[in-house]
Amino acid sequence: MDPTILSGLIDGHVELIIFVTNGKIPEELISRMTLGANMKGIKLSFVTGKQLSDWLVLNPEKYKIYFGEELEIDNYKVEQLIEFRKISFYEPISLDFRPNFNKVCMNIEDTFILNCIFYNSQPGNCSIELEDDAPLSFIKSDKYENPESFFVKPGLNSVSFLIRAMKEYNKVLRITLVCDHNKYHCISEKLVIKRNKQLNIYYFKQINILSGIKTVLDYFDNTIGNYAFFIHGNSGMGKSYILKSLSLDYCLNNDLTLVTFESEEKSNVNYLLICRIIIFLQYGNIFWDYKPEKIKDFCNSNSNFNIETDKKILNDILNGCFDSNIAKTVIEKLQSNFPNKYNFISSVHPKSFRVLLLDDIHNLNKTQSTLLYNLINELLASKSKTILVLAGRKKEFKTPAFEKKLLDTISNYYELDKLSEKDIKGTIQQNFNVGTTGINGFVNSLPSNLLLLNEILSNFKYSYQYNKEVSISKFIDKYINLYKEDLVFQEKFLKLKDKYYLLDILYLFKKGLRAALLYEYSGFDKKNTKNDIQILIENNCIIQIGTALLVPFHDYMISNYKKLRKGKEYNKKTGDFLVFLLNKTQNDMDTNYLLSLICKCGKTYFNYYNKSIKNLMLKYIHQSEYGTAVYFAEIFYDNISNKKKLTANEKHFLYLYADCLVHCDNQYRAKQFFQEILTKEENTSFEKYEVAVSLLNQRFWNIDLDELIEDSKMYQYTLESLFMDHLKPELIWRFRKTYESCFNRRMVTQLLIDEYKDAQISYSDGLIAIKKLSEKYNLNFQVEIATIIMDYARGNMSIRPKMSYRLFNISKQYFSKAKSENIRRFVICQIDLFVMQNILKENVNYIDFMNKVNILNEHNFLQEYVKGKLKFFACRMVDFGRINGDSRISVSFMTECINEIEKIKLNNYISLQGRERYLYNYILCYFYIIQNQYENAKAAIIENLAYVKEAGATYKIPLEHNLANLETIRRVEWFQNQCNYPENVYLLDSRFW
């Protein structure tokens, strides 16, 4: 059913979805689906068994059409059948894109959603009634159903009402559905309502701001454009209250979520939230009640992104929506490239307007705030039916420039500075039976901060209820002194010392912690933990959202508690729980933040911290998320950089760090680390030769060929003599890669310098050696065999093309048996097969060709993706000449090719170097030629000649031919050795090593 609702969401015009079934639909699913669809402005109708039977009886001709026989039934009477099936209570808010939480525990004056599900076979007018002594009362609102009268259609109905808790209660509740003067009853789960110590604060400015924003939302006109509001104020002045109040009125029928940004610098969760905000601006809140896999499939099938590398960027953002560490890499990349105008705002207008509430925006760092500000500007320039409400603390922005920009940009600006004397007097008179004369004396002594005033007066009221002789002046004096010392909440905390073990943990998670995790943890007694959590809720230390989430009451209280604990919150109990939490497999777990907390809990946790960092490195390397792996590799390196001697394991992870840098195109720094390991290692150390062979790769890529062949032979011999006969299981897989590279780098170097006979010997030797190694340890080394075959085929594409084609097919078969672990090489092999088909003048499936190139992009193999694009363009250029004879390729076609590569460079913040630059120059040179820019074309050729100066003559022949015939060149052909080419042909080198 989920995809059906999602399809309606993306369409923007769907108003009603009807589900027809003769089976049973669970009530919980109906309730969830209805709330989720309502957010999108979609109504749901459920047609089930009884209604289907009645319809067939009343329409017998339909029965004959579908079943091929007459319907024979006598005296059938269609009667009204009603079943009141389920009552549910929900929080009227979606926090951080989560669904509305179920709610069975609440405080007096809490407002929430009552959802009723019932079946009726006939349409009619109904009403909902509460018992006379019910602890609830309905709130009439045009945003919800009217409980006194509402119309229902035949089938299953899900109806929602706004309701308020009025008095203490602790049992089940009976609610009555009235239809055609008949009454039907339903019993709820046990409902717990408790008295709240908080007071109603009279704050005129807050009420006025709320009213002003609601007026705009109620009369929203998207033809004018989108709206943004900025609420600016000091801590504890009620900014969050306004956002939650807006959610109350608009969450039922609008796509709305409240996002609260994290304050901790070590947390990466804000990056994750920004990824989700980008998706929200495209699709609305599709995180509401769907699995990550469904969300990714849906977004990829319905992409609105209007950018060149849209699928890659969309997948990166979606991965960041479920992993805060990946999100950090993605957002940093997006922010650096935002001048490209990604167009993140949907062009499809939803049926009802969306509301995005962003709280605590002052916590955003420079990268996050810059990207968000750009998104805000895009939003305000569009007409996507979106309302944005921002709230942040005055003069507490981590990026002051962001605060200034918002003040300059957003015209709907509101400031919450302090309570007036009139507000304070009104609050006291509203909550206490005290005359004006009795309060004038101490009003000026009370804090003008809403949160602090509430704490002082609510404590006074609580004490006054149980102690009639309390002295008003002494009580006020006591709290005023605490306020001056910024310790107003510590009085409360000191009475809860035996609950510190929970506060120590819960106050580390501003965005909340699931209660189930505390109950599941074996280090705590479940029954005692439940009781202690309830006491903390009653004392307004934490808030329970629904039945699942425990959230600190306010940042101010966290700050006060930390001053009281002075770092003692980082103890063994806290550390053990954090370790338990880190071991839980949760998609959106902020592992970086958890690790930073674990480190503070004592030296005993440092080894665990280091182990976790390494595991995260391996996790992201396995996912080909090399940029994110580098992030944790840098933390690992910081921890070991001052050590005089590294363990073998630490050396291996330093090697992995350098290898990640190679994948991230940071060759210079990678070489530094490789050299560092090389110089420190003994001659009998495997790590020394593992790194030495990696440096061979770099030398080959940079065409630094001096003594490379000799070195490869020496490393091969050393590996065989020192290590091959006694390899431990954990070393075999590293050894095979290093060992294969010795043969491979020697072979491709010989191919590069035109020593084809020697290359053939190295090729044969390599295959024999790898086969012997696999037999020795009874293991399958097909990937290494496939790699040697593929690279040998590549080096012969211009020399023996038919042999290369045959070898590519053999290599593909080997790779296909282990394609999941070696997706990069498997895809590259298939791309090279397409090029060989083009060289041999066979038909090429260009759709499949481009799909394979895009796979490289999706897996973050950036260098190979660029080369894949260049190969694709080269084949198309050759096709153009075959079709159009002696004509030059059109400037528009070549401009499109060049623009695609330039956009890739811009989007990924890279410049092409080495092999990629060499291949691009071949394309770029012809682009200059057809525009008669011969000096530019000449410069590109000279740059390529310099790059292959150490290569064999066959690499220089096509370049020298092109240089000699710049002004006469027309069509494009592939260079094949020992062929003669006329002066009107532009030659492309096909050896993309």
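Trainee: How far apart are Glu676 and Lys680 in helix α27?
Mentor: They are four residues apart, so about one helical turn separates them. Keep in mind that this is a predicted model.

Trainee: What do Glu676 and Lys680 form?
Mentor: A salt bridge. The closest N and O atoms are 3.5 Å apart. In general, side chains of opposite charge can pair when their charged atoms come close.

Trainee: Is Lys680 buried or exposed?
Mentor: Lys680 is exposed, with a relative accessible area of 52%. Glu676 counts as partly exposed, at 22%.

Trainee: And how far is Lys645 from Lys680 in space?
Mentor: 8.8 Å, C-alpha to C-alpha. Lys645 sits in the loop between α25 and α26. Lys645 is exposed, at 71% relative accessible area.

Trainee: New topic. How many salt bridges does the structure hold?
Mentor: It holds 48. One of them joins Glu943 and Arg917, at 3.1 Å from N to O. That pair links distant parts of the chain, with Glu943 in helix α39 and Arg917 in helix α38.

Trainee: What about Arg991 and Asp989, buried or exposed?
Mentor: Both are buried. They form a salt bridge too, with the closest N and O atoms 3.1 Å apart.

Trainee: Where does Trp55 lie?
Mentor: In helix α3, residues 49–58. Trp55 counts as partly exposed, at 38% relative accessibility.

How values were computed: Residues are numbered from 1 along each chain as its sequence is written. This is a predicted model: local features need pLDDT of at least 70, side-chain atom pairs count only at pLDDT 80 or more; totals for chains, interfaces and linings use all residues. Side-chain values use heavy atoms; hydrogens and water are left out. Helices (H or I, at least four residues) and strands (E, at least two) are DSSP runs, numbered from the N terminus. Buried means under 20% relative accessible area, exposed over 50%, partly exposed in between (1.4 Å probe, protein chains only). A salt bridge is a side-chain nitrogen of Lys or Arg within 4 Å of a carboxyl oxygen of Asp or Glu.
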